[in-house]
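Hello,

Here is the structure we talked about handing over. Please open it alongside this note, and then read on for what turned up.

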Amino acid sequence: MIVTKNINFYYGDFQALKNITMSMDANTVTAFIGPSGCGKSTFLRLFNRMNDLIDGTRLEGECLIKGKNIYDKSINIDALRKDIGMVFQKPNPFPKSVFENVAYGLRVNGIKDKKFIADKVEETLKAAALFEEVKDKLHKSAFELSGGQQQRLCIARALAVEPSILLMDEPASALDPISTAKIEELIHELKKKYTIVIVTHNMQQAARVSDKTGFFMLGELIEYSDTKKMFLNPDKETTQNYITGRFG
Amino acid sequence: MNKRTKQKFAFFFFRLFSIIIVGILIAILGFIAVNGIKVINWEFLSSMPKEGMTEGGIFPAIVGTCYLIIGSMIFAVPLGVMAAIYTVEYAGNGKFVRFIRMMTNNLASIPSIVFGLFGMALFVKGLNFGDSIIAGSLTLGLLALPLIIRTSEEALKAVPESYRTGSYALGATKLQTIRKVVFPCALPNILTGIILSISRVSGETAPILFTVAAYFLPSLPDSIFSQAMALPYHLYVLATSGTDIEASRPMAYGTALVLVVIVLFFNLTATLLRQKLSKNMKNK
Ligand SMILES: Nc1ncnc2c1ncn2[C@@H]1O[C@H](COP(=O)(O)OP(=O)(O)O)[C@@H](O)[C@H]1O
Ligand SMILES: [Mg+2]
């Protein structure tokens, strides 16, 4: 589904990613782990070209999604981002109602049919396991929700435009344990329909939610394998050390 | 003297000075209110000046000031807000933008009489509008422009970056992001800036002196190319060059009171609006 070939990425002179070759399968959850500052977010942002928004960056190598090089000139970036949803570290709902937050992606993609939008909002709120909690405050400000609810709202917002891939950058790091559990449960549910790539700081979380895990350090992909193998019997000593908490 | 006594002493003076400042403000307002309120009645607000401006009202000056406010804002608001959107959202942080920013800041500190002179040269003479509402509005608009640009820029910059990235990540274009997320979110603060600039514009005398203001007009202006009377200039006329200055003194205080009430009204609206609208805009 996602294939990268010899990716090098630079912020100005600083090389944040070093020669990363990796492939992620459809309908699986791939987790990126590694100490902070090792380039996990940078790598994730490559897939929906969010790094384009940062000045002075440079990319070498290829990034193929569904077989197409997404850095090709012929690629429509807005369409790409519609197809590849993203959930951020800190919940970032818009200062709009719950309903309008979810409807936003539909509206900017040219959908006007009111009935369709209303149905879609309900459907995605259900898919994000949020509908029961917010059905009476659909037209209240999203800021009235709790942090965990806001994050699930952001997931719903991303799902509304029917992406095929969902990128999540430490989606639970700002949340309490109960909200975190809800998000993890949700990820289990979502992987039936979506390809999910999740960055996490939390090793147990990676072990719980992912099928495959990539371990990054200082911009390099150190090891990449099935999550089970990674946590029980990693090939590299650095991985072993990191997982058992000897650094990071 | 030990530390505590020193502190008490210092705080005593801080408090004293604040009280003095508030006292001075209240004295000014009170003075104008007491002297002005005597002449304020419906006739004063709604009729033309009479008997060489010693009788009658200030209706044409109120109307003129309203026209000038509306005219200057029609010109300055779209231009200022669009300039701010350009510099904050599109132009990045290069040399050109820093230059624009420096120029707007300089523009804001130019004395208003200079704007008046410039307005006369460009609009009254250059474009041949003559002394007219349009020339005055454009001049006042120029004066308000830096203020509107600056407050709008601040308003846009205060919009969290995460709203923009959130919007782009859903496939929105830059223009959509600005129109549907950034601008609505910045609007309360932009409006506050606009209202403050209205209050500034409504009180200015110098820019209208050579561009629109008439000493006395027997009738209301009938087009944007007519001259108009305006409150601040009317006040100046009443206080310095009426036919009988002593006799028109109460009229001057009445005019001042109306002007002050208008300005305070706009300032108060700005404050209330900011409080009310920004409450809905804050996340916990
Ligand atoms: N916008 C940026 N400009 C410059 N350097 C950046 C930027 N974002 C991240 N970096 C640098 O790139 C490296 C990787 O960052 P990041 O991808 O955020 O790491 P992680 O998500 O693994 O914590 C870090 O050294 C960080 O300082
Ligand atoms: Mg990160």
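**Helix α11 of chain B**

B:R274 is partly exposed, because its relative accessible area is 37%. Please keep in mind that this is a predicted model. B:R274 sits in helix α11 of chain B. Leaving aside residues up to four places away in sequence, B:R274 touches B:N189 and B:T192. B:P188 belongs in this picture too. B:R274 and B:P188 are 86 residues apart in sequence, yet their C-alpha atoms are 5.6 Å apart in space.

**Where the two chains meet**

The contact draws 27 residues from chain A and 21 residues from chain B. Chain B and chain A bury about 1900 Å² between them. Carbon and sulfur atoms account for 60% of that area. On the side of chain B, the most area is lost by B:A169, B:L170 and B:K180. Together they make up 32% of what that side buries.

How many salt bridges does the rule find across the interface of chain B and chain A? The count is zero. Polar contacts do occur: five residue pairs, both residues at pLDDT 80 or more, link chain B and chain A. On the side of chain B that touches chain A, α7 (161-168) and α8 each supply at least two residues. α7(B) gives the most, with six residues.

α6(A) has 14 residues. From its first C-alpha to its last it reaches 20 Å, close to the 20 Å expected at 1.5 Å a residue. The helix is mostly covered, with 13 of its 14 residues buried.

Just after α6(A) comes A:E162, with a positive phi of about 55 degrees. A:E162 lies in the loop between α6 (147-160) and β7 (165-169) of chain A. Most residues other than glycine have a negative phi. A:E162 also takes part in a network of salt bridges, together with A:K120 and A:E123.

A:L218 is another residue to look at. Its phi is near 45 degrees, again positive in a residue other than glycine. A:L218 lies in the loop between β9 (212-217) and β10 (220-226) of chain A. Is A:L218 buried or exposed? A:L218 is exposed, because its relative accessible area is 63%, and the cut-off for exposed is over 50%.

**Salt bridges**

Over all chains, the rule counts 20 salt bridges.

- A:D52 and A:R49 form a salt bridge, with their closest N and O atoms 2.8 Å apart. A:D52 is partly exposed, with a relative accessible area of 33%. A:R49 counts as buried, because its relative accessibility is 12% and the cut-off for buried is under 20%.
- A:D211 and A:K191 meet through their side chains in a salt bridge, at 3.0 Å from N to O. The pair links distant parts of the chain, 20 residues apart. A:D211 is in the loop between α8 (203-209) and β9 of chain A, and A:K191 is in the loop between α7 (177-190) and β8 (195-199) of chain A. A:D211 counts as partly exposed, at 27% relative accessibility.
- A:K229 and A:D235 form a salt bridge, their closest N and O atoms being 2.8 Å apart. A:K229 counts as partly exposed at 33% relative accessibility, whereas A:D235 counts as exposed at 60%.

Best wishes

How values were computed: Residues are numbered from 1 along each chain as its sequence is written. Chains are lettered from A and ligands numbered from 1 in the order in which they are written. This is a predicted model: local features need pLDDT of at least 70, side-chain atom pairs count only at pLDDT 80 or more; totals for chains, interfaces and linings use all residues. Side-chain values use heavy atoms; hydrogens and water are left out. Contact means heavy atoms within 4.5 Å. Buried area is the accessible area (1.4 Å probe) that two parts lose on being put together, summed over both. A salt bridge is a side-chain nitrogen of Lys or Arg within 4 Å of a carboxyl oxygen of Asp or Glu. A polar contact is a pair of N or O atoms within 3.5 Å; within protein, one must be able to donate a hydrogen and the other to accept it, and residues adjacent in sequence count only if both atoms are side-chain atoms. Helices (H or I, at least four residues) and strands (E, at least two) are DSSP runs, numbered from the N terminus. Buried means under 20% relative accessible area, exposed over 50%, partly exposed in between (1.4 Å probe, protein chains only). The expected span of a helix is 1.5 Å times one less than its number of residues.
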